[in-house]
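This report describes a single protein chain for a reader who has its coordinates at hand.

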Amino acid sequence: MLATPGRPPRPPGGWCAEMKWDGVRAIARCTGDGVSLWSRNLREITASYPDVVAALTELTDGRTLLIDGELVALDAAGAPSFSRLQRRMHVQRPAPALLEQVRVDYLGFDLLALDDDILLADPYSSRRAELADLRLDDGVRVRVPPNWSLAEVDAERLLRTAAETGLEGIVSKRIDSIYEPGRRSSAWIKTVLRATTEAVIVGAVPGTGANAATFGGLILAGHTPDGHLRCIGGVGTGFTTEARRSLHAALEKVRRDTSPLDDPPPAAAVRAAWWVEPVFVADIEYREISADGMLRHPSFRGIRTDKKPDDVAVPF
């Protein structure tokens with residue numbers, strides 16, 4: 001079941017909220033024959049997380065359970081780091097050294113089946129209570145994070161707490177909501193905190209379909225401490241139709257044949273991009289910076305006319 005983006009519900013009565021964790025969604029299937037983990041696209045990922053499987057096996061002790069949760073890797077400050085988790089995500093059988101270097105935890109937040117009972121039609125509040133009663137929390141690899149009634153705890157306070165502790169935001173859930181597999185439901189609302197940065201536009205990639213006449217996305221850059229103009233990724237969302245048209249017309253006037261970047265651009269950009277003079281500054285919203293210095297989940301917010309390109313630094 002997926003959440004719909006939006007602000008916390010008003011009025012808040014009849015809703016609970018949980019913290020939102022930046023990791024990999026995973027269903028844990030626990031039986032007397034063992035534990036298996038499944039990704040959101042129904043791909044088995046059990047072999048990638050033997051540490052989590054071992055912990056769940058011990059805690060569930062042969063009971064039949066179906067748990068919805070998130071695999072996370074915490075950074076030194078105790079906040080989930082997606083870039084850190086990426087070191088484990090695509091490793092089929094991690095070596096002991098990698099298991100030691102990158103610890104992965106499983107945070108269970110919903111119970112979908114218990115012994116012979118399928119709980120999908122039960123209300124969220126009941127499923128959550130049964131999950132809590134199982135005491136599947138070893139404090140190390142497996143935890144059941146708390147939730148709060150929004151009638152008792154203000155959502156804005158929870159969002160401030162999420163921001164202070166490096167979490168993604170909150171997910172508000174109707175206490176009477178059933179579990180709808182595969183559906184993006186308005187009974188769950190995710191409110192995600194995002195960071196912002198300025199970025200120099202250095203190029204664009206061709207668009208397709210409705211965007212064929214303008215562009216598919218922009219290539220972004222910032223200046224390193226030594227003054228080099230370095231690529232920090234690309235952005236292809238957040239544009240209105242009018243913004244695409246007007247920005248495309250402006251960029252066409254400053255096209256150039258070669259990259260303005262001082263450092264070599266990513267290979268994918270070299271193959272597809274057309275380049276522009278670095279004269280426009282974009283306002284960008286993003287979730288995280290990856291290990292290789294690229295913006296994750298960026299969205300375009302507008303053009304900054306109050307910022308000079310030379311003053312735009314890489315956001316880290």
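**Basis of the model**

The model is predicted: local features need pLDDT of at least 70, side-chain atom pairs count only at pLDDT 80 or more, and totals for chains, interfaces and linings use all residues. Residues are numbered from 1 along each chain as its sequence is written, and side-chain values use heavy atoms, with hydrogens and water left out.

**Overall architecture**

The chain contains 7 helices and 19 strands. These elements are DSSP runs numbered from the N terminus, with helices being H or I of at least four residues and strands being E of at least two. The C-alpha trace spans about 65 × 50 × 35 Å along its principal axes. Of the 316 residues, 48% count as buried; the term means under 20% relative accessible area, with exposed over 50% and partly exposed in between (1.4 Å probe, protein chains only). A contact is defined by heavy atoms within 4.5 Å. Among contacts between residues at least 6 apart in sequence, 66% join residues at least 24 apart.

**Pockets**

Pockets are found on a 1 Å grid over the protein atoms alone: a pocket is an open set of points with protein on both sides within 12 Å along at least five of seven lines, whereas a cavity is a set where a 1.4 Å probe fits but cannot get out, and lining residues have an atom within 4 Å of a point. Grid points are joined across faces, edges and corners, and a volume is the space filled by probe spheres set on the points.

The largest pocket has a volume of about 740 Å³. It is lined by 32 residues, of which Gly23, Val24, Arg25, Arg40 and Glu70 are the closest to its centre. Two or more lining residues are given by each of strand 1 (2-5), strand 2 (15-20), strand 3, helix 2, strand 10 (169-174) and strand 11 (184-192). The lining divides into 13 nonpolar, 6 polar and 13 charged residues. In this scheme Ala, Val, Leu, Ile, Met, Phe, Trp, Tyr, Cys and Pro are nonpolar, Asp, Glu, Lys and Arg are charged, and the others, Gly among them, are polar.

The second largest pocket holds about 350 Å³ of space. Of its 16 lining residues, Met1, Ile27, Arg40, Leu42 and Tyr179 are the closest to the centre. Strand 3, strand 4 (34-39) and strand 5 each give two or more residues to this lining, and strand 3 provides the largest share, 4 residues. By class, the lining of the second largest pocket comprises 10 nonpolar, 2 polar and 4 charged residues.

**Helix 2**

Within helix 2 (residues 82-89), Phe82, Ser83, Leu85, Arg88 and Met89 are buried. The elements covering these buried residues include strand 3 (24-31), helix 1 (50-60), strand 5 (65-72) and helix 3 (96-101). At the start of helix 2, a side-chain oxygen of serine 81 comes to within 3.1 Å of the backbone nitrogen of arginine 84.

**Buried residues and their surroundings**

| Residue | Element | Relative accessible area |
|---|---|---|
| Lysine 20 | strand 2 | 15% |
| Methionine 19 | strand 2 | 9% |
| Arginine 128 | helix 4 (residues 124-133) | 8% |
| Threonine 197 | strand 12 (residues 195-205) | 8% |

The side chain of lysine 20 makes a polar contact with the side chain of glutamate 168 (2.8 Å). A polar contact is a pair of N or O atoms within 3.5 Å; within protein, one must be able to donate a hydrogen and the other to accept it, and residues adjacent in sequence count only if both atoms are side-chain atoms. Beyond four places in sequence, lysine 20 touches several residues, including Leu167, Gly169, Lys190 and Val192.

Methionine 19 lies 128 residues from asparagine 147 in sequence and 7.6 Å from it in space, C-alpha to C-alpha.

The side chain of arginine 128 reaches the backbone oxygen of phenylalanine 109 at 3.4 Å. Threonine 197 and aspartate 283 are 86 residues apart in sequence and 6.1 Å apart in space, C-alpha to C-alpha.

**Cysteines**

Cysteine 16 is buried at 13% relative accessibility, and cysteine 231 is buried at 6%. With a disulfide defined as a pair of cysteine sulfur atoms within 2.5 Å, the count comes to 0 disulfides.
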